[in-house]
Structure formats: C-alpha cells, structure tokens
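Dear colleague,

Please find the structure below, handed over for your reading. My notes on what was found in it follow directly after.

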Amino acid sequence: MRILDPAAADTGGALSDDTPRGTEPETARLQARIDQLAAHVQQLEQERASLRWLAGHDDLTGLANRRLFHALAPELLRRDDHSSAVLILDLNGFKPINDTYGHDAGDEVLCVVARRMVACLGDHLVARFGGDEFAALPHAPHADVPETYWYEVAGSLSAAIAPPMNVLGHTLSVTASIGVVPAGPSHELPDLLRRADQAMFSAKRHASTTDKAGITWVVATEAGDHTETYEPAAVPAPPPGPTASGSAVAYRPGDPIWVHRSGARRAGVVEGACEWAALVRYRSLTGAGTMVDTIPTNCLTIRAEADPYLDRKASAAR
C-alpha cells in the first residue's frame with residue numbers, strides 16, 4: 001500500500017520528489033562557466049601561438065629573425081643531399097631614405113627588399129637580422145654544383161633587388177652589399193656567418209673604393225674571393241630629395257632600357273609607353289632574336305650600354 005504525502009494532499013496527492021529544487025538553473029550556470037573557461041583557454045592558446053611566432057619572426061617583414069635562423073640553419077646545413085651557402089646582405093644608402101622620406105618609407109623599403117628576396121630565393125630560409133641586414137641559406141638543386149653556381153645566385157638576387165620601387169608616392173632605389181660563402185655538412189654555422197659577414201664588408205669596400213653605384217657581391221670560396229658588381233646603369237641612384245610629383249620615370253619610344261625578369265636582365269628598346277607600363281622589344285633569354293611584350297615600368301631601368309644587334313634594329317626601324 002502506498003502512503004500519500006500529507007503535505008501533498010492539497011495538491012491532488014502528488015508523490016514526494018527527492019530531487020532538489022533549482023537543479024536545472026544550476027546546471028545551466030555550470031555549463032555557462034565551462035563555456036567561459038573554454039573560450040578563455042582558446043584565447044590563451046591563440047596568444048601563445050602568436051607569442052611563439054613573434055619569438056621567431058621579424059614583426060615588420062614577416063621573415064625569420066636571427067633567433068629562428070640560428071635554430072634552423074644548423075639542421076639545414078647537415079643535409080647530405082644538398083650543397084648550400086650562407087648569405088649576408090646589407091643595404092647601402094638606407095639611412096638617407098629614412099632621413100629624407102621618414103621611417104614609414106624606410107620600413108616599406110625593407111618590406112619590398114624582403115619580398116624580393118623571398119621571390120628570388122623561393123622557399124629557402126631567409127631572415128632579417130635587424131636594421132637593414134638580411135641573411136639567407138639557399139640550397140643548390142643537387143649536391144655537386146660548382147662554386148660558380150653561387151655567382152649566379154648572387155647575381156639573380158642583385159637583379160631582383162635592383163629595380164626601382166614606388167614607396168609612398170616616391171620612386172626609390174637601394175643598392176646592397178652581399179657576401180656569400182658556400183657551405184657543406186661539415187661546416188659550422190658561426191664560422192660561416194663570420195666569413196659571410198667579412199665577404200659582405202669586402203663588397204662594401206669594393207663598392208666604395210671603385211665608386212660603383214650598383215649592387216656588389218663577394219663569393220668567398222676556398223680558391224679565393226670572387227667579386228662582381230651589378231651594372232651601375234641598371235641601378236639609378238635615389239633622388240636627392242622629395243620630388244614635386246613623386247612620379248616614376250617617363251619612358252619614351254626609342255629609349256634603350258633593361259628589362260628585369262625572372263632574376264635576369266635583358267636589353268630592350270621602348271616602342272610605346274604610358275605611366276605604368278611600356279611596350280618593349282627586347283632580347284630573348286637565349287640572346288637570339290627579339291620579342292615584344294607589355295612590361296610594367298617598375299621592371300624597367302634606363303640602359304647606358306649599347307646593344308649592337310638590338311639598337312641597330314631599332315635605329316633602322318626609325
């Protein structure tokens with residue numbers, strides 16, 4: 001026989017309920033607290049990931065910083081299936097850009113140089129060590145490349161950096177001194193960096209003593225230093241101060257120019273131009289024959305050297 005709860009007599013004989021009142025609101029409150037804690041944990045994880053990235057990267061250019069370069073480079077150097085090199089690059093005349101146009105312009109120049117280095121060197125390790133000093137650890141396509149391969153790498157990087165850049169409405173150019181030291185699995189990173197730094201300063205001395213305006217590089221090999229300079233005519237000097245319009249070079253039909261593409265430069269002649277692009281006839285990559293194409297003006301520089309084949313053809317056409 002079931003006994004009714006006397007207190008429930010007036011409610012129609014409801015049975016006693018042992019479950020505490022207010023349980024559902026308490027469950028909702030606990031769930032809300034759990035959700036709050038989960039959101040906080042997620043925020044902390046994101047902040048930790050951000051701090052971890054900042055610890056190894058330059059916050060201006062997004063490149064690896066000195067710390068990350070020193071952490072990754074030794075393992076990359078120990079690879080047996082590739083030849084590699086340590087490269088140090090320092091910009092020349094960077095301070096006058098900061099002084100004339102301001103630090104925002106200087107920061108943008110550094111970002112443009114960083115992007116051009118990455119575009120030229122691909123997925124190889126590229127870092128900004130600080131200020132206007134950069135480093136890289138390019139790898140050769142196979143293990144037994146000749147030392148002259150690194151001359152081509154330095155030349156391609158020079159050609160990539162050389163074209164004028166539009167920064168805050170001004171057309172600016174920077175030159176650089178580059179030191180390159182071929183490396184192998186047995187080389188130690190500190191010694192390679194020291195030698196690459198010495199090679200870079202040798203490039204600076206060469207540029208200053210020979211009054212060269214271009215990008216100079218030194219490849220330090222066991223056989224001795226190999227020094228080259230990117231043609232001064234292909235690297236216009238930065239303007240002495242802000243211009244009235246800040247506009248880019250105005251090209252005219254018949255102007256002899258260099259076309260900078262794919263890390264190389266080719267002689268060309270302007271056939272027609274507007275403010276941002278030019279129709280150019282230029283030498284093919286093999287040097288045999290010509291081609292006509294529309295080229296952005298930021299890929300062109302004035303050419304002082306004559307090209308007998310191309311300029312003779314252009315003169316005959318006029």
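Helix α5 has 13 residues and spans 19 Å from its first C-alpha to its last, close to the 18 Å expected at 1.5 Å a residue; the expected span is 1.5 Å times one less than the number of residues. Helices (H or I, at least four residues) and strands (E, at least two) are DSSP runs, numbered from the N terminus. This is a predicted model, in which local features need pLDDT of at least 70 and side-chain atom pairs count only at pLDDT 80 or more, while totals for chains, interfaces and linings use all residues. Residues are numbered from 1 along each chain as its sequence is written, and side-chain values use heavy atoms, with hydrogens and water left out.

Among the buried residues are Trp150, Tyr151, Leu157 and Ile161.

The largest nonpolar core contains 40 residues, of which Leu89, Leu91, Val109 and Phe134 touch the most other members. Such a core is a set of buried Ala, Val, Leu, Ile, Met, Phe, Trp, Tyr and Cys residues joined through side-chain atoms within 4.5 Å. Elements that each supply at least two residues of this core include β1 (84-92), α4 (103-121) and α5 (149-161). The largest share, eight residues, comes from α4. Apart from this core lies another, of 23 residues, among them Leu76, Ala135, Ala183 and Leu189.

The axes of α2 (residues 66-77) and α6 (residues 189-209) come within 10 Å and cross at roughly 105 degrees, which makes α2 roughly perpendicular to α6. Axes are lines fitted to C-alpha atoms, for helices over the stretch in contact, with angles from 0 to 180 degrees between N-to-C directions. Angles of 65 to 115 degrees count as roughly perpendicular, under 35 as roughly parallel, over 145 as roughly antiparallel and the rest as oblique. Phe69, His70, Ala73, Pro74 and Leu77 of α2 make the contact (heavy atoms within 4.5 Å) with Leu189, Leu192 and Leu193 of α6.

The axes of α3 and α4 come within 6 Å and cross at roughly 140 degrees; these helices are therefore oblique to each other. Residues in their contact include Phe94 and Tyr101 of α3 and Val109 and Leu110 of α4.

Yours sincerely

Key: Buried < 20%, exposed > 50% of the residue type's maximum accessible area, 1.4 Å probe, protein only.
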